[in-house]
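Subject: Structure handover

Hello,

Here is the structure I promised to pass on. Please open it first, then read my notes below.

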Amino acid sequence: MTIFSKIVSGEIPCNKVLENEDFLAFHDINPKAPIHILIIPKVEYKNFQEVDPKIMMGMTLFIHEVAKLLGLDESGYRLITNNGEDGGQEVLHLHFHLLGGAKLSWSHLSDSDSKNFI
Ligand code: AMP
């Protein structure tokens, strides 16, 4: 069971933003932006590569709802999912990072020199 499944079951607390039958949104414990929300399906999928595409429609609508709730639909936001080892995924339960509340730079995401990626 992943740490996020323990959050879904209530075994571990979270700072909840929004919830419905299938999805949960809560504040990231280690925020990388003024607003940093994690959005997960309650059913455990390892990552984006392994998700059942059928749940992505509901996930998309739920993410729109979270963005609206936080006023990010107007100001803008960044949506990220880290997939697998090279993607930097630490928690093996599909999650989207919703980042906003400031004009986000792009470069802070890169800890390698892209010139080496030929
Ligand atoms: P990732 O590297 O994409 O797997 O991201 C995992 C994210 O989960 C990180 O941003 C962590 O700060 C966050 N995280 C880990 N444990 C918790 C928790 N108990 N509550 C909220 N966020 C968490």
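Ser 5 lies in helix α1. Helices here are DSSP runs of H or I with at least four residues, strands are runs of E with at least two, and both are numbered from the N terminus. Ser 5 counts as buried because its relative accessibility is 8%. Buried means under 20% relative accessible area, exposed means over 50%, and partly exposed is in between (1.4 Å probe, protein chains only). Leaving aside residues up to four places away in sequence, Ser 5 touches Glu 44 and His 93. Contact means heavy atoms within 4.5 Å.

Before going on, some ground rules. This is a predicted model, where local features need pLDDT of at least 70, side-chain atom pairs count only at pLDDT 80 or more, and totals for chains, interfaces and linings use all residues. Residues are numbered from 1 along each chain as its sequence is written, and side-chain values use heavy atoms, with hydrogens and water left out.

Now the strands. β1 (residues 16-19) and β2 (residues 23-27) run antiparallel, joined by three bridges. Two strands pair if DSSP finds at least two bridges between them. β1 and β2 form a hairpin, with three residues between them. Leu 18 has Ala 25 in β2 as its bridge partner. On to β3 (residues 35-41): five bridges join β2 to this strand, and the two run antiparallel. His 27 has Ile 37 in β3 as its bridge partner.

Next, the rings. The structure holds three aromatic pairs. Rings of Phe, Tyr and Trp (its six-membered ring) pair if their centres lie within 6.5 Å; planes under 30 degrees apart count as stacked, over 60 as edge-to-face, and the rest as tilted.

One of the pairs is Phe 4 with Phe 26: the centres are 5.5 Å apart and the planes are at 75°, so this pair is edge-to-face. Phe 4 sits in helix α1 (residues 3-9) and Phe 26 in strand β2, 22 residues apart, so the pair links distant parts of the chain. Phe 4 is buried at 7% relative accessibility, and Phe 26 is buried at 3%.

Phe 48 and Phe 96 also pair edge-to-face, with centres 6.3 Å apart and planes at 85°. Phe 48 lies in the loop between β3 and α2 (55-69), and Phe 96 in strand β5 (residues 96-100), so the pair ties together parts 48 residues apart in sequence. Phe 48 is partly exposed at 41%, whereas Phe 96 is buried at 8%.

Best wishes
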